[in-house]
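Biologist: Please take me through this model. I want each label set against its definition.

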Amino acid sequence: MNWFTRKKQNIEQNTKKDLPSDLWRKCSCEEILYNPELEASFSICHHCNFHFPISSKKYQEIILDGEAEVLFSNISSIDMLAFKANKSYEDILKKVPKNKEAVDCFYGKVNDRNIVLCIMDFKFIGGSMGSAVGEKISKAINFASEKNYPLIILCQSGGARMQEGALSLMQLSKISTHLAKFSQNGGLYISILTYPTTGGVTASFGMQADITIAEPKALIGFAGQRVIKQTTNQDLPDHFQTSEFLKEKGFIDFVVDRKNLKKKISDVLDVLQ
Ligand SMILES: [Zn+2]
């Protein structure tokens, strides 16, 4: 095996270094995307139009006119059940930034119109709906109701927060009750469903809006596809649980590209507010 390591004279070895892993990203369509370019184009794949998840800060910049007042940032999760699994909930909460939650609430403007905007953040424990999320959204609904401002909730969530057990599930009915009162008082509620919106969020405020908007190709559903397949013992249709599929079935009013979200919200407010 001498030939295997032998080096010929005057021939340089391949000294190619590995590229930093945060420079490139592979889309599900197999396209390799250059991260700085991707970020400059709203984190949308130029090949298949998949909208990658982005932070609540980025959505704030896309939707709101400028500076906005942050609401209820003093509400954060606590480990009420002393939950322990692979990792204890207490340890998880110790590592998250202070005054941050899986939802950020703002009072701001869209093309000079006052709105209350709640943006979920998947990066925070999968955007899961814990008690603090329920409390922040409920307070935001009440704030919108008092001021008579439209309410927008941008959903990006894996569903209920398992570390809070039944307390997390209670947030579904809590938020739904506040939304029902908001609606009875004539409030306008727009939901925006992004990749992914699943579980308890889809089963409650995600699907309870007057106008439901979704980003293209977003995964939106309650149970996972494998569970549905095993339970029903049937093959699922193409594009099942995507924005486009749900629009076709009448669950969603508009599928809107991220770069056009602000204009669509503004158009809806022009007509309905
Ligand atoms: Zn793609």
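Biologist: What makes residues of H6 count as buried, and which are they?

Modeller: This is a predicted model: local features need pLDDT of at least 70, side-chain atom pairs count only at pLDDT 80 or more, and totals for chains, interfaces and linings use all residues. Residues are numbered from 1 along each chain as its sequence is written. A residue is buried if 20 or more other C-beta atoms lie within 10 Å of its own, exposed if 12 or fewer, and partly exposed in between, with C-beta atoms placed from the backbone. In H6, the buried residues are Ser-168, Gln-171, Ile-175, His-178 and Leu-179.

Biologist: What do the buried residues of H6 pack against?

Modeller: Helix H5 (131-147) and strand S7 (189-198). Contact here means that two C-beta atoms, placed from the backbone, lie within 7 Å.

Biologist: Why is H6 called a helix, and how does its span agree with that?

Modeller: Helices are DSSP runs of H or I with at least four residues, strands are runs of E with at least two, and both are numbered from the N terminus. H6 covers residues 165-184, which is 20 residues. The expected span is 1.5 Å times one less than the number of residues.

Biologist: What follows H6?

Modeller: Gly-186, with a positive phi near 85°.

Biologist: Why are H5 and H6 called roughly parallel?

Modeller: They pack at about 5°, with axes 9 Å apart. Axes are lines fitted to C-alpha atoms, for helices over the stretch in contact, and angles run from 0 to 180 degrees between N-to-C directions. Angles under 35 degrees count as roughly parallel, over 145 as roughly antiparallel, 65 to 115 as roughly perpendicular, and the rest as oblique. H5 and H6 are therefore roughly parallel.

Biologist: Which residues make that contact, and how do they divide by class?

Modeller: Among them are Ile-137 and Ile-141 of H5, and Gln-171 and Lys-174 of H6. The contact has 8 nonpolar, 8 polar and 1 charged residues. Ala, Val, Leu, Ile, Met, Phe, Trp, Tyr, Cys and Pro count as nonpolar, Asp, Glu, Lys and Arg as charged, and the others, Gly among them, as polar.

Biologist: What about the whole chain: how many helices and strands, and how much is buried?

Modeller: The chain has 9 helices and 10 strands. Of its 273 residues, 36% count as buried.
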